[in-house]
Structures are given as C-alpha cells and as structure tokens.
Amino acid sequence: MKSSHIDMLHGPIARKLIAFALPVAASAFLQQLLNAADIAVVGRFASSDALAAVGANTFVINLMLNLFVGLSVGANVVIARYIGQERHKEIQQAVHTSILLSVICGLFLSVFGWNIARPVLTWLSTPEEILDLAVLYFRIYFLGMPFLMVFNFSSAILRSKGDTRRPLYIMAGSGVINVLLNLFLVSKCGMSVEGVAIATLVATFISSMCLLYLLRKEEGDLHLDFRKLHIHKHVLMKIAAIGVPAGIQGMIFNISNVLIQSGVNSLGTAAVGGNTTSLSFDYFCFFIGNAFGQAGTSFMSQNYGAKQIERCRKIVRDCIILGPGITFCFSMLIVYFATELSSLFTSDPDVVMYSALRIQVVITFYGIHSFNEILSGMMRALGHSVVPAVINVMFICGIRLCWLFFFFPSHQEYGFLQYCYPISWIVNIAVMLPAFFYISNKMFAKHSKMTN
C-alpha cells in the first residue's frame, strides 16, 4: 500500500521525520499502556502487593528483551539500506530471515524465562511477600515472547520503508483489547497478576498476527511468503553486526537498571510501588526521543545507501533539533502534574509520594537523554554500532553502578538514588557528541570521494 509508506529519499525532511516519528512514539505509548493498564488495574482492583509484584519485573523483562530487540534494529538498518541501494533480491532475503529469526528468538526467550524467573527475582531481593506473585506474572508474560518478537521484527520491516502508521493502528486495537481483558479478568473474575499477564499475552498475539497479515498482503520487495522463510547467512551476519552491539548495550544498560531496582527493593514495598508507577511516565518521555532515533536510523540508512550525503547532513540537523525539543516540552508537562498523574495509578499516599519524587528528579532531564538515542541510532545507520554501545556502557552504566555501590550505601534515600540517571546522561552526551560528529564527517567525506 503505497500511501502507507514515507518517501525518505526525496522532499522535505523535517516534516517527514515528524510524520515517521510520531506514529512510532504513539505505538510505543500504546504498547506501554499494556503495562500501564496492568499496573493501574492491579493497583485499583487487586492489592498493593500485586502492584509491586508487577513492578518488580519491569527491569528484568527489559533486560531479557534487549538483545533481541537490538537485532530488530539491525534488521531495520539492513533492509532500509538495501532499499536505498535498490537491491531487490537482498530485501526479500532480509525480510524472510528477519521473520524466522524473530520466531526462533521468541521461543528461546519463552523457555529461558520460564526457568530463570524465581532465581533471578530472588537474587534481586524481591520482597518475600510479593515473590510468588512476581514469579507468576513473569512466567505468563514470557509465554508471549514469540508473538512479541514477531511484532517487533515485523514493525522494523515496515519502518524500513517508512510505514509507521499501520503498526500504530494495530497497537491501538490490541491496547483496547488488553484494557478490557484486564478489567474483566481482575475486577470481574477475581484474578490478580495472572489476569493482567494473560490479557497482555492475548493482546500481543493479536497484534503480531495482524502485522504478519499485512506483510503477507504487502506488494513488492517486502512481501512475506511463508514458504521462503530461511536464514540467509550473509544477511544474518549484517543484521548481527548492527544489532548485537545495540542489543548488548541494551542488556548492560538494563543490568545497571536491574541493580538499581535492587536498591529500590531494599527501601520497601512503597518505594517499589512508587518506582513502578513513575516508570510508566518515564517510558512515555523515552519513547519520543527513541522515536526520533528510529526515524534518524531509517532515514540515514536509506539515504546513505543511496549516496545522498547532503541529505544525510540535513537529517542530522533536523533530528537533533526536533527530538530533544519535543521531548523536553512533553517531559515538563509530566513534571508539572507529577502528583496528579501518579494518583491515577494508586490511592496509597506513600506510593504517590515516591512516584512524584522520581518524576521530578529523572523526567526533568529527558530532553538531554534524547540526544543519546538519536546520535546512537544515526551512528548505527552509518555502520558504526560498536562505538555508541561502548560509550553508553562506559558513561551511563558505569556512572550508575558507581553511584549505587559507592555513594548510595552512605545515603540510602530514594531521591538520592534516582540522581544517578540525569548525571549519567549529562556526562554521556558530553562524550557522544564529539564522537558522533567525528565519525559522521569521516563517513560522509569518504562516501563523497567514492562518488566523485
């Protein structure tokens, strides 16, 4: 369907970046609403223990997902570059490799997650009173990993050609289904965390099947034929070269967050619940910067593949203006209404207090963090995935772990612990900016010489 695709190689850039990024951000918002609905429903209709049990899983789930989500980023970069180069056979090979890879990754995550749920949550000092509930939620959630992986890879395939609207529509539909199932299973059937986990699983299954249907009906190079599913080694290696460093970065990133979660766990159930509530708004801000990072990745991949260097420079300019600017405006709105927004999820005053405190400390600085997402994405599009991974691991994860292990033990306060986030972002962007401009100028100059 041509009207669903954005022409990234011609025409105005800023307007098209926004047209690409906003549906991506909205899709992520809706996907997060699956989790936010879990939190709101158990907080209102089950118990504070159930709320904390869902929240205790957040960082662990993200840790498990990140390597494989990184591979979907690699698929997006590889397919978008092939589109820019008009290599039709390779596009088809990449599409079928990506879908089969998503199924394999999802099945692995389901089996692995089921077996490590209790040991990992115990190791993270999850409070004893919520441990069984947290394990139950974790295991049911991970049964849906094959469907979640298919959704992520299918979305990446469609984004490579500029189609971000149809995944949004599908996510909106599945979000409605998830909320209705949550309310039915928890408030009407008397379930707890198992009810919200089942609802998420069903909604994810429906959204993934819808995206597969779209790819089956797609005309041209992105058409999916189940008979052609095959792992093409040369395509897999290219996907891995981009995706594995990005995935490892995400994993290490979340290891630091998991360890910080253990610090939060040590402060009691109310702190865990407040942290869980605030994370919903935290993710909303992250999604905006990340959406412009994905837009920059896709636009840069296609245009660099098509050897349109001047257009690549304009993409850089527009991304680093639009992404942080829009993220900052949105984050300030959340900070201003921190207490009121937190109260939507729980009536416990202690949980609301912890949530509002984290919003004020962390979300205030999300405009700075969006620079890291955008610059990292564009470096991956240029074929440099290791450099942003190393920088992020050293200067974001490293600072957070130092804060946790060397400063937090003598200042065991919730607000003090949360300051590790903005401090790590500020230091990281001071290193990332010069690294990005050095690499991009070098790559653009090299490409220009090859075309002259």
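Tutor: Start with Tyr336, which counts as exposed because its relative accessibility is 64%. The cut-offs here are under 20% relative accessible area for buried and over 50% for exposed, with partly exposed in between, using a 1.4 Å probe and protein chains only. The model is predicted: local features need pLDDT of at least 70, side-chain atom pairs count only at pLDDT 80 or more, and totals for chains, interfaces and linings use all residues. Numbering runs from 1 along each chain as its sequence is written, and side-chain values use heavy atoms, with hydrogens and water left out.

Tyr336 belongs to helix H11, residues 309–336. Helices are DSSP runs of H or I with at least four residues, and strands are runs of E with at least two, numbered from the N terminus. Together with Leu333 and Phe337, Tyr336 forms a nonpolar surface patch of about 350 Å² accessible area. Patch members have over 30% relative accessible area and no salt bridge; nonpolar side chains (Val, Leu, Ile, Met, Phe, Trp, Tyr) are joined within 5 Å, like charges within 9 Å. The areas are Shrake-Rupley values with a 1.4 Å probe, and for residues only the protein chains shown count as cover.

Arg313 and Glu310 meet in a salt bridge at 3.6 Å, N to O. That term means a side-chain nitrogen of Lys or Arg within 4 Å of a carboxyl oxygen of Asp or Glu. The two sit three residues apart in H11, about one turn. In general, an α-helix has 3.6 residues a turn, so residues three or four places apart point the same way. Arg313 is partly exposed at 32%, and Glu310 is exposed at 53%. Elsewhere, salt bridges with shared partners link Asp163, Arg166 and Glu218 into one network.

Arg166 is among the buried residues of helix H7, as are Pro167, Asn178 and Val186. H7 covers residues 165–188, 24 residues in total, and spans 34 Å from first C-alpha to last, close to the expected 34 Å. That expectation is 1.5 Å times one less than the number of residues. After H7 comes Gly190, with a positive phi near 75°.

How many salt bridges does the structure hold? The total is eight. One of them pairs Asp132 with Arg118 at 3.0 Å, N to O. Asp132 is in helix H5 (residues 128–143) and Arg118 in helix H4 (residues 88–123), so this pair ties together parts 14 residues apart in sequence. Asp132 is exposed at 53%. Arg118 is partly exposed at 33%.

Now the cysteines. The disulfide count is zero, by a rule that asks for two cysteine sulfur atoms within 2.5 Å. The sulfur of Cys397 shows why: the closest cysteine sulfur, in Cys420, is 11 Å away, too far for a bond. Cys397 is buried at 2%, and Cys105 is buried at 5%.

Last, Gly398. This glycine lies in helix H15, residues 386–407. Gly398 is partly exposed at 23%.
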